[in-house]
Amino acid sequence: MPRYVIEGAQVFDGEQMIGVRTVEVEGSRIVAVGEPGGSGPAAAERIEGSGATLLPGLIDTHTHSDVETLGHALRFGVTTELDLFSFPHRMDEVRRAAAERTDIADVRSASIGLTAPGGHPTQLRGSRNDPELPVVTRAEDAAGFVDERIAEGADYIKVMIESGETLGKDVPVVEDSVVRAAVTAAHERDRMVIAHTLTIETARRALAAGVDGFAHLFIDGPCPPDLLESIRAAGAFVTPTLNLLASLTGQHLGADLARDNRVTAVLPQPWLDNLSREFNTYPDGDFTAALATVKALHATGVPILAGSDANQLHAPGMAHGASLHGELRLLVRAGLTPTEALRAATSLPAETFGLHDRGRITPGARADLLLVQGDPTSRIEDALSIKDVWRSGSRTVR
Ligand SMILES: [Zn+2]
């Protein structure tokens, strides 16, 4: 079994900086986290980390993944992607690859999301030769929908409550009674429900239906105080996807990342182009208000998770891996400390999604690790200065 120690680096353990530690890995697991200069078997390979910070591999809580993009993600230190809508006939292969290979990120998936006939996201997909989406129009059919997704391997259930208002085209919205029935069925089957909503009104409807978390923050105005309180009282988490909200409202943020030589060195040109483009379907949206809402939600104790909404090439403004770094910066811009932003991409999503084997640097955890030059707990941009990435103990060739 491969054995090595990473020594001399400051360690961010998923929660906080714990100082310089010697981290010992055997096979796919971390076996010891010790004092500097401490033990470690003499025969083990030694990796020098002076001036660097060792972090748990990052978790992106909102993606649409395939095998190629899981490879991109890993090279940016994202060791797990949580896919929030994919077609099962493609996802089967992706899951198999992620289970067998260590040169791509690991993945969990919602499979297909619940939507209305002709509902989101069909309007975005044009003529992509997608199979027809299963849709539900009656509450009594919602449990059957949930069972089908679980049979396809869904780790959690996604519901779309989307009128198209911020996406440039009106689309039919799923009935509240259907969403409620789907949430009940999912909870009876021990699956969380994550809602796609982009407006205040649809966020209210999702909460009333009992969802566990939000795949986006709303972008149509400041957060009404009663909604802030309802999200907190419900114990729901929020993955704001500030990257996506920036793209919808035309903030031109992806272009900066796409010029960074730490990004251009890794991503193929079509993805750099995709990152530079944007949706700009809702220029009237209030991006500043969204930042303020993230800050207020965080201050009131709502778990804020880092998610990029990195998708396929037709969804402009995002790229797998790189955009999670963009999201970390936006969370800091919203008012989280860099340490809080890093928790939002490590220990917090691991806890929220029951991924108990990752998101922390502790003995027994999976050796999903990211070594970066500098100190991202004081300068979040340093998270992109990647020296090494390990997935399940295997070092990635960048
Ligand atoms: Zn998405």
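This is a predicted model: local features need pLDDT of at least 70, side-chain atom pairs count only at pLDDT 80 or more; totals for chains, interfaces and linings use all residues.
**Domains**

Taken over C-alpha atoms, the centres of domain 1 and domain 2 are separated by 28 Å. I noted the bounds as well: domain 1 is made of 1-57 + 358-398, and domain 2 covers 58-356.

I then turned to the contact between these domains, to which domain 1 gives 28 residues and domain 2 gives 28 residues. Which elements supply two or more residues to the side of domain 1 that touches domain 2? I found strand E7 (52-56) and strand E16 (386-391). The largest share of that side comes from E16, with three residues. I also recorded the residue classes on the side of domain 1 that touches domain 2: ten are nonpolar, ten are polar and eight are charged.

**The whole chain**

I listed the secondary structure next, and the chain holds 15 helices and 17 strands. I compared the radius of gyration of the chain, 20 Å, with the 21 Å that the globule rule gives for 398 residues; the two are close, so the chain is as compact as a globular protein of that length. Along its principal axes, the C-alpha trace spans about 65 × 40 × 40 Å.

For burial, I recorded that 53% of the 398 residues count as buried. I also looked up how far apart along the chain the contacting residues lie. Among contacts with a separation of 6 or more, 70% are between residues 24 or more positions apart.

**The four-stranded sheet**

I traced an open sheet of four strands in the order E5-E4-E1-E6, and its pairing is mixed. Which strands stand at the edges of this sheet? They are strand E5 (29-34) and strand E6 (45-48); each has a single partner strand, so one side of each is left without a neighbour in the sheet. From one strand to the next, the twist averages 20°.

I followed one pairing in detail. Strand E1 (residues 3-7) is joined to E6 by four bridges, and these two strands run parallel. Within this part of the sheet, I located Val5 opposite Arg46 in E6.

**Backbone exceptions**

I finished with the backbone, keeping in mind that most residues other than glycine have a negative phi and most peptide bonds are trans.

Where does the chain have a cis peptide bond? I found one from His120 to Pro121, with omega near 10°. Pro121 is placed in the loop between strand E10 (106-109) and helix H3 (122-125).

I noted a positive phi of about 60° at Asp190, which is not a glycine. Asp190 belongs to the loop between helix H5 (176-188) and strand E12 (193-196). Is Asp190 buried or exposed? I count 9 other C-beta atoms within 10 Å of Asp190; the cut-off for exposed is 12 or fewer, so Asp190 is exposed.

Ser392 sits in the loop between E16 and strand E17 (394-395). I recalled that E16 also contributes three residues to the side of domain 1 that touches domain 2. With 19 C-beta neighbours inside 10 Å, Ser392 counts as partly exposed, since a buried residue needs 20 or more.

Conventions:
Residues are numbered from 1 along each chain as its sequence is written. The radius of gyration is taken over C-alpha atoms; the globule rule is 2.2 Å times the number of residues to the power 0.38. Two residues are in contact if their C-beta atoms, placed from the backbone, lie within 7 Å. Two strands pair if DSSP finds at least two bridges between them. Axes are lines fitted to C-alpha atoms, for helices over the stretch in contact, and angles run from 0 to 180 degrees between N-to-C directions. Domain bounds come from an automatic or database domain assignment. Ala, Val, Leu, Ile, Met, Phe, Trp, Tyr, Cys and Pro count as nonpolar, Asp, Glu, Lys and Arg as charged, and the others, Gly among them, as polar.
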